Amino acid sequence: MRRIASALGDARSVVNVGAGAGSYEPRDRAVIAVEPSHVMVAQRDPARPAVRGSAQALPLHDESVDAAMTVLSLHHWHPEQRQGVREMCRVARDVVVIVTIDAAVSARVWLMADYLHEVRELDLRIFPAPEAVAGWLDRPASIEVVPVHRDTPDHTLLSFWAHPERVLDARARAATSGFARQPPEVVRRVVDAVAADLRDGSWDRRHGALRGLEEYDAGLRLIVARAS
Ligand SMILES: C[S@@+](CC[C@H](N)C(=O)[O-])C[C@H]1O[C@@H](n2cnc3c(N)ncnc32)[C@H](O)[C@@H]1O
């Protein structure tokens, strides 16, 4: 993501916490990927290995990298999210970059507000408010809105905002953890309800204006904290 590269500035060494398969990981700097899950590590390019570890106790010395970043992982660190953010501050000499979701905003997206209440309730529980995260950082932080483009290639529920038809597409659903972690009866209920609302035009009456937008604030947030 271009916004992450720009937030990292001229950092030459970066730890990527909860790195997963390595999406959004910069390719033009020295990266130490830290990831606790065997399954995720196995999906990585063998040329870009990961260190096994977790955010709560990063396997790095104090101030040993220029930057620490984490993308859509912080909500997994519960209940030690604050400790994980402190660890990022401990190891990063300069900048800390956190991509997260403001669940109070994503809760208002039609999919969560009208159909998938299970995800709305879960997200409100597990995502800390961005303002709280900013307060955990030991250096001045900004919180930036990252609008989601209508044709983003990212596979998250936030990419559905302009595309109700994607709810009817099993492959599009399966690519999102939001749908993948729901029981089949919940998925069926949501698919049936969206299909019915598209058929009778009620989705378009309520939300059709979204079809004309290029991008939309679905709750994605970039928190950037710099020591200098
Ligand atoms: C939604 S994935 C995001 C992966 C990657 N950052 C990306 O954007 O593609 C969340 C990642 O956080 C990792 N994770 C879960 N608990 C963690 C912890 N305590 N410390 C660090 N990473 C953790 C998961 O294993 C998973 O790889």
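The structure is a predicted model, in which local features need pLDDT of at least 70 and side-chain atom pairs count only at pLDDT 80 or more, while totals for chains, interfaces and linings use all residues. Residues are numbered from 1 along each chain as its sequence is written.

## Overall dimensions

The protein chain contains 11 helices and nine strands; helices (H or I, at least four residues) and strands (E, at least two) are DSSP runs, numbered from the N terminus. Along the principal axes, the C-alpha atoms occupy a box of roughly 60 × 35 × 30 Å.

Of the 228 residues, 37% count as buried. A residue is buried if 20 or more other C-beta atoms lie within 10 Å of its own, exposed if 12 or fewer, and partly exposed in between, with C-beta atoms placed from the backbone. Among contacts with a separation of 6 or more, 66% join residues 24 or more positions apart; two residues are in contact if their C-beta atoms, placed from the backbone, lie within 7 Å.

## The seven-stranded sheet

Seven strands form an open sheet with mixed pairing, in the order S3-S2-S1-S4-S5-S9-S6. Strand S3 (50-52) and strand S6 (141-145) stand at the edges, each with a single partner strand, so one side of each has no neighbour in the sheet. On average, neighbouring strands of this sheet are turned by 20° against each other, direction ignored. Two strands pair if DSSP finds at least two bridges between them. Strands of a sheet pair through backbone hydrogen bonds, either parallel or antiparallel.

| Strand pair | Sense | Bridges |
|---|---|---|
| S2 and S3 | parallel | three bridges |
| S1 and S2 | parallel | five bridges |
| S1 and S4 | parallel | four bridges |
| S4 and S5 | parallel | six bridges |
| S6 and S9 | antiparallel | five bridges |

Ala33 has Ala50 in S3 as its bridge partner, and Ser13 is bridged to Ala30 in S2. Val14 stands opposite Ala67 in S4, whereas Met69 is partnered by Val97 in S5. For Ser142, the bridge partner in S9 is Val224.

Helix H3 packs on the sheet and touches S1, S4 and strand S5 (92-101), with its direction at about 150° to that of S5. Axes are lines fitted to C-alpha atoms, for helices over the stretch in contact, and angles run from 0 to 180 degrees between N-to-C directions. S4 is mostly covered, with seven of its seven residues buried.

Ile223 belongs to strand S9 and counts as buried, because 23 C-beta neighbours lie inside 10 Å. Apart from its neighbours within four places in sequence, Ile223 is in contact with Ile98, Thr100, Pro130, Val133, Ala134, Ala141 and Ile143. Val133 is 90 residues from Ile223 in sequence, and their C-alpha atoms are 8.2 Å apart.

## Backbone features in the loops

The loop between strand S4 (65-71) and helix H3 (81-91) contains Pro79. The peptide bond from His78 to Pro79 is cis, with omega near 5°. Leu72 lies in the loop between S4 and H3. Its phi is near 50°, a positive value in a residue other than glycine, and Leu72 counts as buried with 20 C-beta neighbours inside 10 Å.

Tyr24 is located in the loop between strand S1 (13-17) and strand S2 (30-35). Although Tyr24 is not a glycine, it has a positive phi of about 70°. Tyr24 is partly exposed, with 16 other C-beta atoms within 10 Å.

## Ligand surroundings

The ligand is surrounded by 19 residues, of which the closest are Gly18, Gly20, Ala55, Ser73 and His76. A residue is near a molecule or strand if its C-beta atom, placed from the backbone, lies within 6 Å of it. By class, the shell has 10 nonpolar, eight polar and one charged residues. Ala, Val, Leu, Ile, Met, Phe, Trp, Tyr, Cys and Pro count as nonpolar, Asp, Glu, Lys and Arg as charged, and the others, Gly among them, as polar.
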